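Please keep the sequence and the coordinates in view while reading.

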Amino acid sequence: MDETRIREQIEELRHMTVGQLKDKYREAFGETSRSNHKQFLFRRIAWRLQADVEGDLSERALRRAAEIVEDGDLRVRAPKGFSPENARAGRPHAMDRSNPSRDWRLPSPGALLTRRLDDRQIVVKVLEEGFEYESRRYRSLSAIAREVTGTRWNGLLFFGLAERRDA
């Protein structure tokens, strides 16, 4: 297959839907992709098309990758409760990641979150499931932030429980 044909195939990928890309991914890799991210699927399939024609990784690179995978002391997860940022910031409530259904950045149920907005003091109580603000229950902090500001906010950012990551 020549370079022009590869370019044509890659260009065809650009106009496919996510569903079509997932089908193409299954053809190219022999397995179903768990991702629904269009750009990810596009890049992986384009890489596979090029690798099939131009050749895959070198034998040396494949051996090195295998060595890395076999590394027995490779730790996949940090120890329970470990979070150096939160320990330095003095936020012990944010260190418990043992309950995966609960966001580890949230304080324990019963804690109060406060935020000053203009001339108002916003006080939210953390519940076992959800939040309470002005005697009403909310499923998310974002819903409360939206209510008090009238604009879309990430609730964790609004209450200072997360930092904005600029891309």
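At roughly what angle do the axes of helix 1 and helix 3 cross? The axes of helix 1 (residues 3-14) and helix 3 (residues 38-54) cross at roughly 165° and come within 10 Å. The model is predicted, so local features need pLDDT of at least 70 and side-chain atom pairs count only at pLDDT 80 or more, while totals for chains, interfaces and linings use all residues. Residues are numbered from 1 along each chain as its sequence is written, and side-chain values use heavy atoms, with hydrogens and water left out.

**Helix packing**

Helix 1 and helix 3 are therefore roughly antiparallel to each other (an angle over 145 degrees, on a scale from 0 to 180 degrees between N-to-C directions). On the side of helix 1, the contact (heavy atoms within 4.5 Å) is made by Ile6, Gln9, Ile10, Leu13 and Arg14. Helix 3 contributes Lys38, Phe42, Ile45, Ala46, Leu49, Gln50 and Val53.

Helix 3 also meets helix 2 (residues 18-29). Among the residues of helix 2 in this contact are Val18, Leu21 and Tyr25, and the partners in helix 3 include Leu41, Trp47 and Arg48. The two pairs are set out below.

| Helix pair | Axes come within | Crossing angle | Contact residues by class |
|---|---|---|---|
| Helix 1 and helix 3 | 10 Å | roughly 165° | eight nonpolar, two polar, two charged |
| Helix 2 and helix 3 | 10 Å | roughly 35° | nine nonpolar, no polar, five charged |

**The second largest pocket**

About 250 Å³ of space lies in the second largest pocket. A pocket here is an open set of points on a 1 Å grid where a 1.4 Å probe fits, with protein on both sides within 12 Å along at least five of seven lines; lining residues have an atom within 4 Å of a point. Of its 15 lining residues, Arg102, Asp103, Leu106, Phe131 and Arg139 are the closest to the centre. Helix 6 (141-149) and helix 7 (155-158) each supply at least two residues of the lining. By class, the lining has five nonpolar, five polar and five charged residues.

**Arg102**

Where does Arg102 lie? Arg102 is in the loop between helix 5 (84-89) and strand 1 (112-117). Leaving aside neighbours within four places in sequence, Arg102 is in contact with Pro107, Ser108, Pro109, Val126, Leu127 and Glu128. The C-alpha atoms of Arg102 and Glu128 are separated by 9.0 Å, and these residues are 26 residues apart along the chain.

Key
Points joined across faces, edges and corners; volume = space filled by probe spheres on them. Helix = DSSP H or I, 4+ residues; strand = E, 2+ residues; numbered from the N terminus. Nonpolar A, V, L, I, M, F, W, Y, C, P; charged D, E, K, R; others polar. Parallel < 35°, antiparallel > 145°, perpendicular 65-115°, else oblique.
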